[in-house]
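Hello,

Here is the structure I promised to pass on. Have a look at it first, and my notes on the aromatic rings follow below.

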Amino acid sequence: IPTPSVQVSQAEGEPVPDTSPIQRIVIPALGIDTVVAYVPYDEDKLTWLIEGLRDEVAWLGDTSWPGLGSNTVLAGHVTVRGLGNGPFRYLENLKEGDQVKIYTDENEYVYTMREQVTVNETDLAVLLPTTQAQLTLVTCTGWDTELEIYRFRRVVFADLLRTEPIIRQGSH
């Protein structure tokens, strides 16, 4: 996992931005609690290689760290060939206001679901940086039985509600 380049001007006394990697995602409404794996962008193939993931959720490289206040993008499978349901199988059931929690080494980030859209698989605008802290969840939808591919992407947008520091046992 690369270290982000942080160009945040810091006022005296301001905390240093959290640049620790995402470890876990929890979506209580869907019963999801799973590991997040950083997946770098593959320049040669012009995509993120998430085929090898199973129950994990992919944090798409080149998208924001949660502590940097832009668009953090996580992707998960609907189904995994030969294994059944993927972690985002029931993402469509997420309702406006439902919470999504992301954990880094330092903080718990709590987001609330704002909206859900379906886009073409080639629509990468949903991955672009934002001026506000946002979590974007992406999965496949629209199975084409003839071509045996998913033709669209389901995209969930969630806004940052609060950030809580993680207090470790024995720390003061």
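**Notes on the aromatic rings**

Arg24 places its charged end over the ring of Tyr103, 4.5 Å from the ring's centre. Another arginine to look at is Arg89, which lies over the face of Tyr90, with 4.9 Å to the ring centre. Please keep in mind that this is a predicted model.

The structure contains 5 aromatic pairs. One of them joins Tyr38 and Trp65, whose centres are 6.4 Å apart with 40° between the planes, a tilted arrangement. Tyr38 belongs to strand E2 (residues 32–39), while Trp65 is in the loop between strand E5 (57–60) and strand E6 (71–75), so this pair ties together parts that are 27 residues apart in sequence.

Trp65 also pairs with Trp59: the ring centres are 4.9 Å apart and the planes stand at 80°, so this pair is edge-to-face. The cut-off behind that name is an angle over 60 degrees.

Which residues make up the aromatic cluster here? Tyr38, Trp59 and Trp65 form one cluster.

Are these residues buried or exposed? Buried means under 20% relative accessible area. Tyr38 has a relative accessible area of 18%, so Tyr38 is buried. Trp65 is buried as well, at 7%, and Trp59 is buried with a value of 0%.

If you open the model in your viewer, Tyr38, Trp59 and Trp65 can be picked out together as that one aromatic cluster.

Best wishes

Technical notes
Residues numbered from 1 in each chain as written. Predicted model: local features only at pLDDT ≥ 70, side-chain atom pairs only at ≥ 80, totals over all residues. Heavy atoms only, no water. Phe/Tyr/Trp six-rings, centres within 6.5 Å; stacked < 30°, edge-to-face > 60°. Helix = DSSP H or I, 4+ residues; strand = E, 2+ residues; numbered from the N terminus. Buried < 20%, exposed > 50% of the residue type's maximum accessible area, 1.4 Å probe, protein only. Lys NZ or Arg CZ within 6 Å of the ring centre and 35° of its normal.
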